[in-house]
Structure formats: C-alpha cells, structure tokens
Amino acid sequence: MTEIPKNFLLTERDARRPLAPNQAEEQGYKISDKLTAPLELNPCVHRRAVDRGRLAARTISLWTSAPSDSSEQLVIYKSPRAAHAALTRLRAEVKRCSRKGDPSAPELKIRWRTTKAKVGDEAAGMGYQTWQDGYVNQTISGVVARRGSALMIYTTSEGGYEPGGLTKAARKMAAKVCKLPGVC
C-alpha cells in the first residue's frame, strides 16, 4: 500500500510543531489522513469523497483569527487514470455547481470560476467568491494539479482571486511526489 511519509507535505513540519499558548489562540492546524475526506476544492459541497481509487490522502488546514485560512491536500490514486478522472470530475462540478448556494447560509451567493494553470501533468486554478447584499464577503483561491497518480490542492482565503500565487507550492509538490513509489 502507498503511504505518504510523515512531514512530506510542504506545510507539515510547521503543522506538527506545537504552538505557544498565546499563538494557539490566534491560529491552528488540523492534519487528517482520512481517505473519505472531500477534496479541499468542493464546489458541490460533498460531505465525503466522491472520487474513486484513493490509496492515501493527507489534508492540512490552517485557520487564523484574522479570519483567514489555507489548506494543502495530497491524494494518491491507484493510477494516473483515476487521478485524471478525479480532476475531470472536479472541473465538471465547477460548471455544474458554480452558482449553487450554501444551504447553511442562504443569504450568501457563491460564484465559482476556473483559470488555466501550468503545473505537473495537468492543472487548473479554481476558486470562488461569496457575495452578500451585493458585496464580496469572502474569496477563496485554489490550484489543483495532477502529477502521475497524485492530485495536489492548495487553497487560501487571503487576497483576491489569485490562484497563480499558489502554483509555486503546487510545482514544488509536483516534483516531490515523484519520489513516492509508483506515483510518476
């Protein structure tokens, strides 16, 4: 079975480091290896993973009191074909659910969009803005990239819609995943 080594993700060393009590009030990390976790870019708001063929997964989420958050996710599939299918499905979901609202917050309007990105074997910039009473409430930028049988996702809520800023991290991970057996 394929396993993601400890401290393999780019933000993982920081995420595993204990925070001082005054820092822990202001920010924190959550690390999950759940195979059933949905992809971090999730336009149709799935509660569980809907893609098939996952062998390993790790998701690291950072929250701050600013309020802002970011995440890094790596999912290893049984084949490049399964990883490609997951990315293709994600692109289709952006189109299908791009104007779907959040049932828990009906006052918000959500608009998803995609842009081109050059990372790994294939990639896309993705993100959304939430609108309330005609004003932008929150912007989430993300980049999703596939390299071999690995899918990597980076997201942030800081700044405007700029997935290009996340491609540097995605490129670094796209090179790194080839060190895992059977990925590239």
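Helices (H or I, at least four residues) and strands (E, at least two) are DSSP runs, numbered from the N terminus. On a 1 Å grid over the protein atoms alone, a cavity is a set of points where a 1.4 Å probe fits but cannot get out, whereas a pocket is an open set with protein on both sides within 12 Å along at least five of seven lines, and lining residues have an atom within 4 Å of a point. The model is predicted, with local features needing pLDDT of at least 70 and side-chain atom pairs counting only at pLDDT 80 or more, while totals for chains, interfaces and linings use all residues. Residues are numbered from 1 along each chain as its sequence is written, and side-chain values use heavy atoms, with hydrogens and water left out.

A search of the whole structure finds one cavity of 30 Å³ or more. The largest cavity holds about 100 Å³ of space, a volume being the space filled by probe spheres set on grid points that are joined across faces, edges and corners. Its lining has 14 residues, of which L39, H46, V50, L90 and E93 lie nearest the centre, and helix α3 (residues 80–97) gives the most to this lining, with four residues.

The largest pocket contains about 830 Å³ of space. Of the 33 residues lining this pocket, L39, E40, N42, V45 and Y128 are the closest to its centre, and the elements that give two or more residues to the lining include β1 (27–32), β2 (54–64) and β3 (68–77). The second largest pocket, for its part, has about 220 Å³ of space and is lined by 15 residues, with T11, S70, S71, Y154 and A169 nearest its centre. Two or more residues of that lining come from each of β2, β3, β7 and α4 (167–176).

Two disulfides, each a pair of cysteine sulfur atoms within 2.5 Å, are found in a search of the whole structure. One of them joins C44 to C97, with an S to S distance of 1.9 Å. Because C44 lies in the loop between β1 and β2 and C97 in helix α3, this pair ties together parts that are 53 residues apart in sequence. Both C44 and C97 are buried (under 20% relative accessible area, with exposed meaning over 50% and partly exposed in between, for a 1.4 Å probe and protein chains only). C178 and C184 form a disulfide with sulfur atoms 1.9 Å apart, and the torsion about their S-S bond is about -80 degrees, so this disulfide is left-handed. C178 is partly exposed, at 29% relative accessible area, whereas C184 counts as exposed at 55%.
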